[in-house]
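Dear colleague,

Please find the structure below, followed by a summary of what was found in it. I would be grateful if you could read the summary with the model open.

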Amino acid sequence: MGGLEKKKYQRGSATNYITRNKARKKLQLSLPDFRRLCILKGIYPHEPKHKKKVNKGSTAARTFYLLKDIKFLLHEPIVNKFREYKVFVRKLRKAYGKSEWSTVERLKDNKPSYKLDHIVKERYPTFTDALRDLDDALSMCFLFSTFPRTGKCHVQTIQLCRRLAVEFLNYVIASRSLRKVFLSIKGIYYQAEVLGQPVTWITPYAFAHDHPTDVDYRVMATFTEFYTTLLGFVNFRLYHSLNLLYPPKIEGQAEVELKPAEGEAYAMDSESYLEKLSALSASLARVVAPTPEDDMEMDEFPVEGETAEQMDAKKKEQEALEKQKKLFEGLRFFLNREVPREPLAFIIRCFGGQVSWDKSLCIGATYDVNDPSITHQIVDRPRVEQQVVGRYYLQPQWVFDSVNAKLCLPVADYFPGVLLPPHLSPFVTEQEGDYIPPEKLKLLAMQRGENPGEESEEEEEEEDDNDDNDEEEEEEEEDDDSEKEEEAKLKKMEEQKTQSKALPVKVTAGKVRLEDKQRLEQEQQSEEKRLAIMMMKKREKYLYKKIMFGKKRKVREANKLAEKRKAHDMAIKEEKKKNKKARRA
Amino acid sequence: MRLRPSSPLTFDLPPRFFFFFNFIFYFSVRTAVFAPPPAGAGARPLAGAAVPEEPGTESDDLTDSEESVYSGLEDSGSDSSTEEEEEEEEEEPKDGSPSQAHAKGAPRKSRSLEVDSAWKENQDLLIQNEYEEDSSDEEDIRNTVGNIPMEWYQDFPHIGYDLEGKKIYKPIRNKDELDKFLEKMENPDYWRTVQDKMTGADIKLTDEQVDLVHRLQKGQFGDVHFDPYEPAIDFFSHEVMIHPVTNRPADKRSFIPSLIEKEKVSKLVHAIKMGWIKPRKPKEDTPTYYDLWAHEDPNSILGRHKMHVPAPKMKLPGHEESYNPPPEYLLSEEEKLAWEQQEPAERKLNFVPQQYRCLRAVPAYSRFIHERFERCLDLYLCPRQRKMRVNVDPEDLIPKLPKPRDLQPFPTTQALVYRGHTSLVRCLSISPSGQWLVSGSDDCTVRFWEVSTARCMKTLPVAGVVKSIAWNPNPTICLVAIAVEQSVLLVNPSLGDKLLYGATDQLLESYVAPEEERVQPVQWVVATTEEHSKGIRLIVQHSRPVKQVTWHGKGDYFASVLADNSNMQVLIHQTSKRWSQNPFRKSKGLVQCVLFHPIRPYFFVATQRYVRVYNLLKQELTKKLMTNCKWVSSMAIHPGGDNIICGSYDSKLAWFDLDLSTRPYQLLRHHKKALRSVAFHKHYPLFASGSDDGSVIVCHGMVYNDLLQNPLLVPVKVLKGHALTWDLGVLDVLFHPTQPWVFSSGADSTVRLFT
């Protein structure tokens with residue numbers, strides 16, 4: 001027996017992973033620095049497949065990084081910057097202690113700084129990759145831009161976040177790429193389709209934050225540092241993809257007016273300009289003027305293996321999209337001061353509507369309340385005094401629901417003071433067997449172009465459908481119970497037999513039992529299935545049971561929801577009846 | 001109003017004022033020359049008694065000044081009313097004090113000249129040539145004590161010394177409080193009378209002096225003519241002038257290179273040469289943002305991107321997160337309570353759905369920052385692993401088996417129930433013809449049944465619990481072996497063909513004992529007549545309780561298993577020779593059951609975990625089958641002889657193909673509880689298993705002659721009928737020898753027939 005002795009944990013997966021502490025020692029960084037580095041470089045722990053093997057036989061809970069990742073971090077120029085910064089802080093402290101102010105000045109002048117450009121490029125080798133990962137960046141920037149300008153984090157960061165967020169919103173308006181909006185209790189969700197990639201972000205409602213104490217703002221700030229860099233580059237690229245000027249400039253007169261005061265400086269440098277831009281009321285200046293026949297017919301490129309039906313479907317989808325983009329075209333909105341201005345202005349502008357607000361509310365109002373051409377006024381108060389004829393007074397939910405429904409919904413449900421219909425999430429796509437709220441069914445019917453007038457019939461049908469479903473489910477349950485039933489039947493028969501033994505024999509006219517052939521067949525099939533399931537391999541059986549458990553749970557949940565709804569509807573109906581009776585009496 | 005010369009008086013004075021002030025006192029000194037104080041002048045002069053002066057004699061005043069004589073006044077120090085003023089005046093410059101001394105003396109002069117007019121003249125003169133008399137040596141110093149606190153002279157009659165060294169006496173003061181009060185009341189100039197501390201004399205301030213004091217008190221300049229708002233001339237301006245500001249010639253050192261500077265410069269030069277000092281870096285002027293992805297290079301995608309596990313996106317919100325969700329998504333009270341009691345990590349929703357009537361009623365979400373922070377933590381702290389999501393249609397997982405309907409015949413329904421036993425029925429056996437069934441029970445009876453009618457033909461009470469029962473498989477012999485406690489009874493049931501059972505009796509009686517007695521592990525005893533009448537023919541008495549008894553296919557040999565753990569566990573008996581032997585020398589574990597091969601001379605012994613196959617002819621172990629079970633309970637062999645099934649107490653059924661391997665060909669986990677018995681059908685490809693869960697499962701087990709084709713096992717029927725009693729269900733199963741029927745005996749003291 002020759003050869004070298006094979007030692008344990010010196011090959012295989014044990015050598016591919018490294019614990020966090022070891023990694024830190026290898027990089028010679030303090031824990032906060034290591035954390036920052038990991039955040040910036042996007043290094044995260046990996047869960048090894050065989051944890052015990054990697055952990056050298058121990059089962060202690062440890063986090064593991066890929067050794068390759070850590071080796072890759074070794075070459076990172078930023079690591080040196082971290083060290084330089086540490087030295088800088090030390091020197092600065094010393095100079096302060098000795099009150100050598102000239103040294104302090106000199107040191108501050110030479111403060112080491114780093115750029116994250118190369119990291120962005122490295123983490124997102126292609127632009128599409130960057131777009132795919134934009135969700136968190138946007139949500140974070142929108143959150144930071146709402147922070148107060150005091151404490152918590154640097155004012156510059158907050159301003160930068162605000163600037164980038166506003167730039168992105170302006171891009172979405174210019175490209176009309178907003179698709180879905182949702183008013184949740186957490187904030188407002190938006191989903192835009194940027195160059196084919198869905199990008200979802202959430203903005204909090206415009207209230208002051210009560211800053212929690214158990215949140216490490218340094219971590220958040222580090223993330224934001226990276227996200228702002230990423231978002232800046234993405235914005236640049238996006239603006240250029242639309243031939244827009246970056247940094248953004250407002251189109252038309254505003255530019256001319258502001259130019260002498262600002263010269264070549266960046267538009268956002270002046271506070272007022274940022275505000276004007278963030279008012280979202282003006283379109284942006286383009287490098288090349290848009291040609292009128294921008295919306296060309298899409299050429300058809302038949303792809304192999306694609307049937308005509310698919311092509312048609314695609315075309316239809318495209319048309320629907322175009323239609324959605326022009327949803328509010330030609331409508332003129334006026335926002336009352338009590339509605340959240342920024343989200344509504346953003347949404348309305350995204351779909352081609354014109355929007356204005358009270359002049360004292362925000363900069364950038366384009367027309368007055370008294371403008372006779374206003375078609376919709378968004379109001380969020382129980383009653384409106386002095387209504388102007390010729391315009392709809394609507395609650396803000398109408399805008400959101402219309403966008404999600406891809407059509408202008410009937411306005412009657414959204415008048416001020418009216419009990420609003422439920423606001424549904426546009427992010428839910430119901431599969432077969434899922435519970436679909438009746439409002440959604442109604443909406444789907446409306447989208448198909450059916451007349452919403454025959455609501456009651458539809459509802460009944462729905463109910464019928466639901467009932468059918470219930471029955472089917474019950475049948476399934478019955479199948480499970482059938483064995484028990486059989487047993488019970490057998491028992492009964494036995495008892496009868498024993499009784500017949502004991503009692504004097506007596507013949508009674510038997511009843512002709514009508515055997516349901518279908519039912520019999522079904523039973524047989526289910527039994528066959530049961531028997532086949534018995535023959536499954538252990539692994540497959542486990543999987544099968546798991547899947548079936550999940551399915552059953554889903555069905556149960558859907559049933560529960562349906563039941564709840566039914567109960568609720570019944571309660572409402574009864575109340576209505578009572579009210580009617582009371583009125584009659 | 002009393003005049004109170006304030007202390008800032010001296011500090012705020014501009015230089016010009018000093019000149020002026022000096023002049024005043026100088027002037028008053030001069031007046032004193034001509035007015036030696038009258039000795040004994042007690043009362044202060046009234047305001048009207050102005051200071052007499054003669055401007056014409058100005059030039060002589062210095063010389064005459066020494067002539068002035070003061071009368072010493074002892075009581076001056078005790079005058080408390082003027083103390084304040086004294087203190088305040090201490091701070092005045094010293095050069096004022098001698099003149100004041102004279103001013104004090106002035107009122108004592110007998111001259112009746114008007115002060116005002118004289119002063120005015122003097123003023124005019126002042127304005128004419130201000131600097132003429134402005135020299136330091138003109139200062140008149142009468143008192144030579146110097147700048148000392150004057151209270152040192154408080155207790156002396158004099159107040160200092162003049163230039164000659166003679167004492168200057170304080171003016172006589174003998175005013176008491178009443179006098180002072182009267183003076184205050186009567187003297188209209190009392191408010192402008194101050195005491196000179198240097199001389200102790202009272203001085204009446206002139207209008208100009210009062211005016212000056214007022215101005216100073218207001219913070220104005222002392223000189224009326226001084227204009228504080230004159231246009232300033234900036235001498236030291238930033239502009240380069242042709243003339244120097246000062247007339248001072250340049251220093252010599254300004255022409256000579258400095259050594260110190262040279263040293264400093266050379267140090268710096270050295271530092272630059274050595275690279276210790278670097279030039280300030282120019283600020284980068286590259287734009288912050290540019291087209292980063294201008295040159296997208298697919299090759300730049302690093303290898304680590306392949307290992308990259310992108311973070312899963314945040315879950316998109318459902319209907320329940322809406323500010324105005326459909327009513328069914330709102331939590332009821334119990335659900336809310338349950339939600340609150342759950343651990344935050346276990347909750348399905350991390351918020352409670354809520355409904356608001358309108359958008360303006362929606363409050364801020366208090367956990368917004370928390371959630372973003374948790375997302376951040378997830379992104380950089382959470383270990384990631386790629387998990388394959390199974391996207392399988394569960395129907396595809398179900399194996400495609402031939403339909404049971406195509407595998408008929410097999411028992412499907414319960415046809416008959418054999419009742420009669422009063423305790424659990426442990427064992428069953430059937431006659432080779434299939435006409436009679438025998439069952440042994442815990443109620444210490446053995447019952448013989450007619451299969452087709454379920455009628456109990458015979459009941460044989462035995463001495464104990466019947467553990468096992470076996471009908472001789474030879475159709476020509478009508479004999480049943482019954483294991484009761486420590487003995488095996490061979491019973492002739494006397495059922496069916498009379499010829500047949502008669503022949504059996506004859507066969508047994510034809511036994512001739514061998515000449516020499518052999519040592520046997522058991523005792524063969526012929527039944528007594530009483531027992532004989534019951535049907536018992538022979539009793540094989542063992543040393544231990546018998547667990548199982550089984551016949552060889554030919555019907556001559558049978559084997560019995562004893563509850564023992566020595567090598568005496570298995571015994572093989574030959575009926576015709578009434579001879580027994582112990583085949584094993586060594587115990588290999590607790591034997592559960594034994595079996596004869598139907599065709600070949602093999603013998604199967606099942607211990608707890610293994611089945612050993614012995615060749616009886618060669619007397620050796622041929623195979624050892626691993627059952628992969630914890631505890632084998634029963635065993636059955638396919639009539640072909642190549643396949644065995646083993647039931648176990650851990651609810652498994654192992655199918656062995658003896659040609660294939662020593663491991664099970666298939667492990668079937670059909671039952672939910674322990675298997676008690678298994679059985680093969682003699683002709684049909686069927687096998688059955690009975691279990692504690694009260695069910696009998698009949699499977700189709702087709703064995704092909706073609707060795708290449710593996711047996712086909714399909715469960716075809718689950719038969720239920722037995723009720724669970726004491727957690728026991730089916731205890732024994734048995735196939736009918738010719739029909740596709742299966743018998744089962746259960747703990748509910750019945751035997752059932754399924755057809």
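A residue is called buried under 20% relative accessible area, exposed over 50% and partly exposed in between, with a 1.4 Å probe and protein chains only. B:W276 counts as exposed because its relative accessibility is 59%. This is a predicted model, in which local features need pLDDT of at least 70 and side-chain atom pairs count only at pLDDT 80 or more, while totals for chains, interfaces and linings use all residues. Residues are numbered from 1 along each chain as its sequence is written, chains are lettered from A and ligands numbered from 1 in the order in which they are written, and side-chain values use heavy atoms, with hydrogens and water left out.

Surface patch

B:W276 is found in the loop between helix 9 (259-274) and helix 10 (304-307) of chain B. Helices (H or I, at least four residues) and strands (E, at least two) are DSSP runs numbered from the N terminus. Together with B:L268, B:I272, B:M274 and B:I277, B:W276 makes up a nonpolar surface patch with about 540 Å² of accessible area. Patches consist of residues with over 30% relative accessible area and no salt bridge, where like charges are joined within 9 Å and nonpolar side chains (Val, Leu, Ile, Met, Phe, Trp, Tyr) within 5 Å. Accessible areas come from the Shrake-Rupley method with a 1.4 Å probe, and for residues only the protein chains shown count as cover.

Salt bridges

A salt bridge is a side-chain nitrogen of Lys or Arg within 4 Å of a carboxyl oxygen of Asp or Glu. By this rule there are 43 salt bridges over all chains. In one of them, the closest N and O atoms of A:E430 and A:K440 are 3.8 Å apart. This pair links distant parts of the chain, 10 residues apart: A:E430 is in the loop between helix 17 (397-405) and helix 18 (438-447) of chain A, and A:K440 is in helix 18 of chain A. Both A:E430 and A:K440 are buried.

In chain B, B:D207 forms a salt bridge with B:R192, with 2.5 Å between the closest N and O atoms. B:D207 belongs to helix 8 (residues 207-217) of chain B and B:R192 to the loop between helix 7 (177-186) and strand 3 (193-195) of chain B, so the pair ties together parts 15 residues apart in sequence. B:D207 is partly exposed, at 43% relative accessible area, whereas B:R192 is buried, at 13%. Salt bridges with shared partners also join A:E439, A:R565, A:D569 and B:E328 into one network.

Aromatic rings

Rings of Phe, Tyr and Trp (its six-membered ring) pair if their centres lie within 6.5 Å; planes under 30 degrees apart count as stacked, over 60 as edge-to-face and the rest as tilted. The whole structure holds 44 aromatic pairs over all chains. A:F236 and A:Y246 are an edge-to-face pair, 5.5 Å centre to centre with 70° between the planes. A:F236 is buried, with a relative accessible area of 14%, and A:Y246 is buried at 13%. The rings of B:F448 and B:W471 have centres 6.1 Å apart and planes at 80°, so this pair is edge-to-face.

Yours sincerely
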